[in-house]
Amino acid sequence: MFSYAFPMCSTIEPNISLTYPMESRVVNDIKRSQSDVGEQVRQRRFSVSAESIQPKDHLILDIVHKSSHEEAVIRAATFDHFAFMLLNPDQYEQVVQAMSKKGVPKHSIITQQGDYADRFYSVQSGVVDCLLDGVKVGQHTADEGFGDLSLLHSGRSPMSYVAATDVVLWEIDSVTFRMIMVTQSVHQCQRLRELVSKIPLFSTLAQDDRYRIADALRKVEYQGGDVVFCRAKSDENAIYIINQGTAIVTSNDKEYSEYMITEGDYFGALIDDDARQVTVIAQGPLCCLTLCYKTLCRILGLANV
């Protein structure tokens with residue numbers, strides 16, 4: 001692993017005591033917005049879930065094979081629904097793969113108004129009528145979906161959904177949906193904490209401090225050829241950790257003038273000094289996790305030197 005030498009700031013003490021309470025981390029991952037949907041969405045996110053879901057060490061899903069057309073139908077039916085806006089890309093892919101196919105004959109009731117509802121349905125083909133107190137108030141056709149709020153809080157259906165024709169649906173239940181949300185979020189949080197712990201600059205800090213740093217990491221994405229860090233131009237005091245992808249490093253070191261770094265490697269500088277000896281260029285799609293010096297000082301309760 002590439003381990004570039006970062007000068008340790010003399011004001012950072014390994015066991016510094018914090019003067020403010022710890023922020024919620026793993027439990028509140030499900031509350032945090034994983035897409036840019038606004039503060040009101042973030043505040044509503046956890047409250048709508050009525051049941052407690054415990055994450056699993058190894059989430060085993062029943063993956064249903066789908067053609068590219070079937071996947072396209074599911075994506076079209078889910079992309080603008082509230083529940084799916086809460087998912088990060090990895091979670092969304094897991095949900096799509098976990099959805100199962102269901103055929104419904106004409107005139108069959110899919111969901112009865114007032115009955116317990118805990119599923120989201122994506123319409124592959126056919127027409128579904130929406131009935132409120134027996135009166136048709138709308139319908140869903142191919143590439144449309146219904147029942148997304150049932151994924152977040154299982155309860156009684158506000159209306160009936162009836163197959164107006166023979167219908168083919170894709171469905172997912174609330175337990176599977178929420179398990180994907182919680183488990184993937186917890187695993188991601190644990191992975192970030194492990195990455196932070198492996199960096200010498202942070203390894204001697206108290207565990208709570210490292211957890212705070214992991215929570216504060218900001219994701220930045222680059223395309224192949226993008227300059228991520230440049231010794232000649234970079235004026236930001238920040239550290240970068242490679243989350244996904246690879247990059248090429250060029251330096252003034254005659255022995256290691258050019259080499260590759262990949263997932264888990266880090267680079268950058270957190271204080272103003274002469275240590276900016278490298279230029280880092282993305283070799284392809286690259287995702288980095290970054291933390292600036294000002295944020296680090298705020299996390300550790302230090303004056304911004």
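Biologist: How many bridges join strand E4 to E7, and in which direction do the two run?

Modeller: Two bridges join E4 (residues 119-125) to E7, and the strands run antiparallel. Strands pair if DSSP finds at least two bridges between them, so E4 and E7 count as paired. Within E7, Gly-145 is the bridge partner of Ser-122. Please note that this is a predicted model, in which local features need pLDDT of at least 70, side-chain atom pairs count only at pLDDT 80 or more, and totals for chains, interfaces and linings use all residues. Residues are numbered from 1 along each chain as its sequence is written, and side-chain values use heavy atoms, with hydrogens and water left out.

Biologist: What are helices and strands here, and how many are in the chain?

Modeller: They are DSSP runs numbered from the N terminus, helices being H or I of at least four residues and strands E of at least two. The chain has eight helices and 18 strands.

Biologist: What makes E1 and E7 edge strands?

Modeller: The open sheet has four strands in the order E1-E10-E4-E7, with antiparallel pairing. E1 and E7 (145-146) each pair on one side only.

Biologist: Why is Val-104 called buried?

Modeller: Val-104, which lies in strand E1 (residues 100-104), has 8% relative accessibility. Buried means under 20% relative accessible area, exposed over 50%, and partly exposed in between, with a 1.4 Å probe and protein chains only; Val-104 therefore counts as buried. Leaving aside neighbours within four places in sequence, Val-104 is in contact (heavy atoms within 4.5 Å) with residues including Ile-110, Ala-163 and Leu-169. Across the chain, buried residues make up 47% of the 305 residues.

Biologist: Why are H7 and H8 called oblique to each other?

Modeller: Helix H7 (residues 207-216) and helix H8 (residues 293-300) pack at about 140°, with axes 10 Å apart. Axes are lines fitted to C-alpha atoms, for helices over the stretch in contact, and angles run from 0 to 180 degrees between N-to-C directions. Angles under 35 degrees count as roughly parallel, over 145 as roughly antiparallel, 65 to 115 as roughly perpendicular and the rest as oblique; H7 and H8 are therefore oblique.

Biologist: Which residues of H7 and H8 make the contact?

Modeller: Asp-209, Arg-212, Ile-213 and Ala-216 of H7 meet Thr-295, Leu-296, Ile-299 and Leu-300 of H8.
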